[in-house]
Amino acid sequence: MAVEFVTAGDDGLLLWTLRSDCLELAHLQVAQEAGLPVPCTALACEGEGTIITAVAGGAIYQVSLRPSDPCVSVQQVADMGPDARVTALVLSPSAAVVGTRSGAVASFGREGALGVWQRRQDVSVDGPVTSLSMEPSGEEVVASSASASIWYLGLPSLSRVPLVAGHSGCITGLAVAPDVPGMMASTADDGALRVWQAHGSAGHAGAEMLAEFQSPAPCTASSFLAAPDYEGVVAGYADGSLRLFSLRSKEASLKWATHRHSSSVVAVCPHPSRPLLLSACAGGSLAVTARVSSRMVVYVDSVSTAAGPDGLPVWSGRERALQDVALSWGSGSMVAAAWTTHFVVFTAPWEESSVTIISKFCCEEGGPGDLSSDLPACIAFVPRSPRSLVYASPLLLGKALLFDYRRSTVVRQIGLTQMVRCMSIAPDGRHYAFGGQRGSVFLVDPLTGVWSELSGHTSHVGALAFSSDGRHLVSASGSAMCVWGVAGHFEPTQEQLVLAKIDWTGAMSDSIRATDQGTRGR
């Protein structure tokens with residue numbers, strides 16, 4: 001049985017027929033210019049051999065096909081104008097919606113005489129239209145633009161409502177408000193910090209942008225303040241500055257800005273109960289800032305200097321920029337700092353610049369020397385597990401380590417199929433998430449060792465964050481964000497069962513029991 005499909009491109013409209021022994025190609029004559037096919041820029045198909053295609057110059061044609069006669073009839077049904085380039089088409093039995101490179105979206109009625117469409121309404125979105133999707137009833141349309149925005153369009157009037165307005169630059173980080181369900185912040189290399197309020201559920205999720213703060217320097221880190229002062233967010237920037245923003249009023253405002261570090265800020269961590277902020281930069285310095293006055297309370301030039309000559313290992317010939325910093329849960333008494341080559345855990349310098357190294361880990365020397373320089377290391381403490389943290393580095397080649405920093409022991413290795421670029425741990429510690437170099441999100445159940453690979457991004461995952469209730473996971477790649485439901489993702493794949501990539505059954509439970517016993521014994 002032959003299979004037929006149609007493609008549209010610069011060489012016009014092509015009909016392909018896949019037979020048992022060959023692949024046949026036929027050119028469908030839609031329009032010609034100087035004897036050559038006119039490029040086709042958009043395509044939509046209906047049942048019974050009917051194709052709708054748009055050509056360069058804005059004309060839209062209906063092409064009817066039959067197996068015995070590839071091009072039975074061609075009829076022009078609409079025209080967007082000679083300067084328009086149609087980039088997306090979507091159809092229903094009674095309506096059509098057309099999107100263009102200039103950002104115009106037009107709705108048509110398809111019930112006119114002689115099959116010609118009747119133009120109803122035009123509206124513009126914030127960039128070239130990249131895709132359109134129509135609800136089965138033909139009354140609702142969702143459009144996406146090249147500006148990473150998503151728009152709801154109601155027919156026939158094309159009333160528009162922005163669902164998600166994305167960043168114009170790549171998203172560098174995500175932060176979730178711990179005390180406000182659905183509130184989150186995103187940072188981007190275009191200098192923007194945006195605060196969102198999510199609603200709905202995964203698969204039917206939307207988000208309303210509550211505030212946007214713009215800076216000339218890329219925004220590299222952010223964190224919400226803890227209750228009762230959660231109506232604020234602190235951000236760090238590539239020029240080493242910190243900014244605190246208030247969200248208390250309808251008009252969100254900047255409370256203060258200070259230049260704190262000599263290099264890009266990699267993390268900002270509010271104290272759980274005191275009006276203090278801990279920040280760290282790529283150069284390895286730490287600073288404690290008074291949240292109300294922006295006064296610097298403590299400055300640590302580098303963890304290595306503060307810890308003494310034996311505090312940190314020395315790696316020669318490798319980049320030693322600090323990549324990530326995490327603050328322990330609860331009282332915030334411990335800090336973990338991650339480099340590509342190693343990490344250390346030390347006492348938080350809330351009161352004085354001297355710190356005590358509690359634990360450290362070094363990756364094996366002699367690792368691959370040709371790894372991409374933009375592959376980061378990342379680290380996070382595990383909630384409700386007072387001894388545990390998770391660390392990932394490109395030198396681990398797609399693995400992440402579960403580490404007991406009180407005993408300086410690797411408890412488990414988490415083997416994944418892609419290099420890890422970012423991670424997040426659910427607030428209850430029951431799920432881990434890892435963002436992959438090739439666009440996948442890996443959701444791990446640490447108790448069973450089962451992981452699920454979530455696909456949807458087209459480039460590397462740059463940031464992850466669980467919702468405050470742990471039910472949803474937000475991932476960012478480029479300027480786009482996805483919302484995933486956490487429940488129902490832990491059926492083991494055949495690959496996991498055969499290769500036993502994570503053999504944690506029992507071992508993780510034993511580790512947790514040992515941790516609980518150690519806690520009770522102190």
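Strand 2 (residues 12–18) and strand 3 (23–28) pair in the antiparallel sense over six bridges, where two strands are said to pair if DSSP finds at least two bridges between them, and where strands are DSSP runs (E, at least two residues) numbered from the N terminus. The two form a hairpin with four residues between them, and within this pairing Leu14 stands opposite His27 in strand 3. The model is a predicted one, in which local features need pLDDT of at least 70 and side-chain atom pairs count only at pLDDT 80 or more, while totals for chains, interfaces and linings use all residues. Residues are numbered from 1 along each chain as its sequence is written, and side-chain values use heavy atoms, with hydrogens and water left out.

On its other pairing, strand 2 is joined to strand 1 by seven bridges, and these strands also run antiparallel. Strand 1 and strand 2 form a hairpin with two residues between them; Thr7 stands opposite Leu14 in strand 2, and the bridge partner of Glu4 in strand 2 is Thr17.

Together the three strands form an open, antiparallel sheet in the order 1-2-3. Because strand 1 (3–9) and strand 3 (23–28) each have a single partner strand, they stand at the edges, and one side of each is left without a neighbour in the sheet. From one strand to the next the twist averages 25°, an angle between N-to-C directions of axes fitted as lines to C-alpha atoms, on a scale from 0 to 180 degrees. Five of the seven residues of strand 2 are buried, so this strand is largely enclosed by the rest of the structure; buried means under 20% relative accessible area, with a 1.4 Å probe and protein chains only.

We turn now to the aromatic rings. Rings of Phe, Tyr and Trp (its six-membered ring) pair if their centres lie within 6.5 Å, and planes under 30 degrees apart count as stacked, over 60 as edge-to-face and the rest as tilted. By this rule there are 10 aromatic pairs. One of them is edge-to-face because the rings of Phe361 and Tyr391 have centres 6.2 Å apart and planes at 65°. This pair links distant parts of the chain, with Phe361 in strand 33 (residues 357–362) and Tyr391 in strand 35 (residues 388–392), 30 residues apart.

Phe442 is buried at a relative accessible area of 1%, and Trp451 counts as buried at 3%.

Terms used: Buried < 20%, exposed > 50% of the residue type's maximum accessible area, 1.4 Å probe, protein only.
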